[in-house]
Amino acid sequence: MVLATTFRRDEIDRLELLEAAEREALTRRLTALDPDGKEEGKQLESLKLRPAPWGKDGKGAALQYESKYFILTSDASEDMVRRAALRLDQIYSAYTRILPPRLDSPKPTSILLCRSTKEYQALAANRGIPILNSAFFNPERNEVLSGWEMEAIENEIEMQREKMKKDGVARTTAQVLEKKLADGLFREGARRQLATLQHEAFHAYLANCVYSPDESRVPHWLNEGLAQIFEAAQVEAGEIRVGHFDKDAIRRLKERYRDHQLVPVTELLQAGGEKFAVLHASDKYTADRHYQTSLVLAHYLTYNRKLLGTKALDRYVHNLHDGVG
């Protein structure tokens, strides 16, 4: 289920009341939410992980989780791998609800999740990926490579675990406290990395499940604009919240618009990948303008025009591939 919640009063244009039957259905769905995290705990435990090789030479140890749309491999701790796997399951579920798969046999994307930035940079350099990115989708390999600072999170949890043991905290109480600590550290420490991972995973989902490059051409502005919508997706009480942006993001967009710094639409529609790439610090201004304008246009098409997942959008990307229009 995809929910959008917590809107400020000045963001609300109008209210449309639900019919009685719709209100009852919504009440049942809200009642089924997971405010105390017990259901999420069960989901984490039920995920099936298996050992997997890791590193350049394949001699390292990792854990792997496989779903219909992706195969996650990581050398992080089991708890962190489970949390990352569950979050990816949730975000891919959001992808499929808002933009249903178009391809009959989607290819699962390999997602490599490094537990430290240093390790990520080493793997990225080996693959020729610019290390300015903290995550990257390589369409040729159908692979998302991402680096998180999970090593510090794991060390903090282990330190607190040893402290509780030394202080004689009861085992059941220690387990509850440890889970709360892990939940908090995962949310705070992985927030930015999660956003980047969700962004790159959307690129992979679009190419492997919706619009095959062999039959379609998704323009860079649309690909990057949609990826930013899902990049901002958040999990609240076990549910995905998509299409809502924080105050800082909205403020930056308003400033760009006020200062006439957004890209003209005619220019954006023809922009190539180089306009979005940040290979050097000097590229950031141009890339930011193109990213932000892409977000505005993609958000308008998705939520105002409701074109996402329609035949009209299908025709658009297929015609671009065939050189029509």
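In β5, the bridge partner of Ser-74 is Leu-113. I start there, with one pair in a predicted model. Let me widen the view.

Ser-74 belongs to strand β4, residues 70–74. Strand β5 covers residues 109–114. These two strands, β4 and β5, run parallel and share five bridges. What lies on the path from one to the other? Helix α3, residues 78–98. Together, β4, α3 and β5 make a β-α-β unit, and that unit is left-handed.

Stay with β5. How many of its six residues are buried? Five, so the strand counts as mostly covered, where buried means under 20% relative accessible area. On to its pairing with β7, residues 143–147. That pairing is parallel as well, over five bridges. Look for Ile-111: Val-144 in β7 stands opposite.

Now back to β4, and go the other way. Strand β3, residues 60–66, pairs with β4 in the antiparallel sense. Four bridges hold that pairing in the model.

One more step. Strand β2, residues 50–54, pairs with β3. Again the sense is antiparallel, this time over five bridges. Find Arg-50; Gln-64 in β3 is the bridge partner. This is a hairpin too, and five residues separate β2 from β3. In the turn, click on Gly-55: phi is positive there, about 95°.

Definitions and conventions
Residues are numbered from 1 along each chain as its sequence is written. This is a predicted model: local features need pLDDT of at least 70, side-chain atom pairs count only at pLDDT 80 or more; totals for chains, interfaces and linings use all residues. Side-chain values use heavy atoms; hydrogens and water are left out. Two strands pair if DSSP finds at least two bridges between them. Buried means under 20% relative accessible area, exposed over 50%, partly exposed in between (1.4 Å probe, protein chains only). A crossover is right-handed if, with the strands pointing away from the viewer, the path from the first strand over the helix to the second runs clockwise.
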